[in-house]
Amino acid sequence: MHCLIVDDDNTSRKVIESFVEQTDDLDLAGSFENPQEALQFLKKNPVDVILVDIEMPEMNGFDMVDSLQGNPSVIFITGKEKYAVEAFDKNAIDYLVKPVKYDRFINALEKVQLPDAVGDAKFIFVKSGSVLVKLDIYDIDYVESIGDYIGVHVGGKRYVVHTTMKEAEQKLPNDQFCRIHRSFIINFGRINQIEENTVSVVEKVLPISRTYRKNLMKRMNTF
Amino acid sequence: MLDPNAPIFEVSEEIRNSIIEVYLRDASQSIGEIEFGTIQKNHEAVRKASHKLKGASATMGATEMTDICRNMENPLMQNLEMLKKLKTAFETLKKSLA
């Protein structure tokens, strides 16, 4: 998940940058003191979530959000509670009042919903050598990140594809697949067992990161 | 002197030290703006500078600075006595961080 920070206060901005740095599955696309510069950056670099202050001298956070192209999730981070109603009118997914603690920061990010672009596709083609192999999406056990590639695991075979985890996440149906870590997306139907920080998928034990654990557990059918 | 529950203590020591440097530099500038605005009776300038310093101070866990800045956001509290309190609190904080 890619994020952008906009805050004219250097101290607050640097602390949030550090929170991003220490969070799995969250990448800092940019960090700006000036909202106008942030808007210019966003024209060429879309992000999933924007963390933005409200009271800033060059342009306030509400005006910046009104000028956004695309539809990134917005989390306002500000020093005053009085803007909360207006913030939610702007479709903010959360509103954090400074000083922001790390737990509260994570809690806000868990509300970000990434786009589900799968449509009705039942199959997906992956390139294996010089041929395209047709795979039933629901046969995929899990997907792993391998640098600039992903590994698509199906029945003990691994197909290596040049794409990103973000794109894979968008192409796989979110009613059947779930991101559990920066490096792994799993098929719910292939889960054998879940422990505190790991999940067994087919015969492989995969890590669950803190960022994604709550979402995974929420989606499991448990007694 | 800093509140140990503040966000600044949720980052690594190395980063914390670099953020403290940034805070001290920016706070000094904000106090200069507050002083100039207070003397000129420019309430909006004082409010803006106080608001910014309040947010940074809260993030740092500098509670006395935060409280004084919160007061100085109110035009009725923007006076030389409050400015003196702010400068004293900042000097004390700097010494504690040295």
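Modeller: Happy to; here is what the labels rest on, one topic at a time.

Modeller: This is a predicted model, in which local features need pLDDT of at least 70, side-chain atom pairs count only at pLDDT 80 or more, and totals for chains, interfaces and linings use all residues. Residues are numbered from 1 along each chain as its sequence is written, while chains are lettered from A and ligands numbered from 1 in the order in which they are written.

Colleague: What makes up the secondary structure of chain B?

Modeller: Chain B has 4 helices and 0 strands, and from the N terminus on its elements read α-α-α-α. Helices here are DSSP runs of H or I with at least four residues, strands are runs of E with at least two, and both are numbered from the N terminus.

Colleague: Why is α1(A) called largely enclosed?

Modeller: Because 9 of its 12 residues are buried, α1(A) is largely enclosed by the rest of the structure. Among the buried ones are Arg13(A), Ile16(A) and Phe19(A).

Colleague: Which helix gives the most to the side of chain A that touches chain B?

Modeller: The contact takes 16 residues from chain A and 19 residues from chain B, two residues being in contact if their C-beta atoms, placed from the backbone, lie within 7 Å. Helix α1 (residues 10–21) of chain A gives the most to the chain A side, with 6 residues.

Colleague: What makes the 5 strands in chain A an open sheet with edges?

Modeller: Their order is β2-β1-β3-β4-β5, with parallel pairing; two strands pair if DSSP finds at least two bridges between them. β2 (27–32) and β5 (94–97) of chain A each have a single partner strand, so one side of each is left without a neighbour in the sheet. Inside the order, β3 (residues 49–52) and β4 (residues 73–78) of chain A are joined by 4 bridges, and Leu51(A) stands opposite Ile75(A) in β4(A).

Colleague: Which residues have the most contacts inside the largest nonpolar core?

Modeller: They are Cys3(A), Leu51(A), Val52(A) and Phe76(A), in a core of 54 residues. Such a core is a set of buried Ala, Val, Leu, Ile, Met, Phe, Trp, Tyr and Cys residues joined through C-beta atoms within 7 Å. Another core, of 18 residues, lies apart from it and includes Leu172(A) and Val199(A).

Colleague: What is the strand order and pairing of the open sheet of 3 strands?

Modeller: The order is β13-β14-β15 (chain A), and the pairing is antiparallel. β13 (191–194) and β15 (204–207) of chain A are at the edges, each with a single partner strand, so one side of each has no neighbour in the sheet. Strand β14 (residues 198–201) of chain A is joined to β15(A) by 4 bridges, and Val199(A) has Leu206(A) as its bridge partner in β15(A).

Notes. Buried ≥ 20, exposed ≤ 12 C-beta atoms within 10 Å, placed from the backbone.
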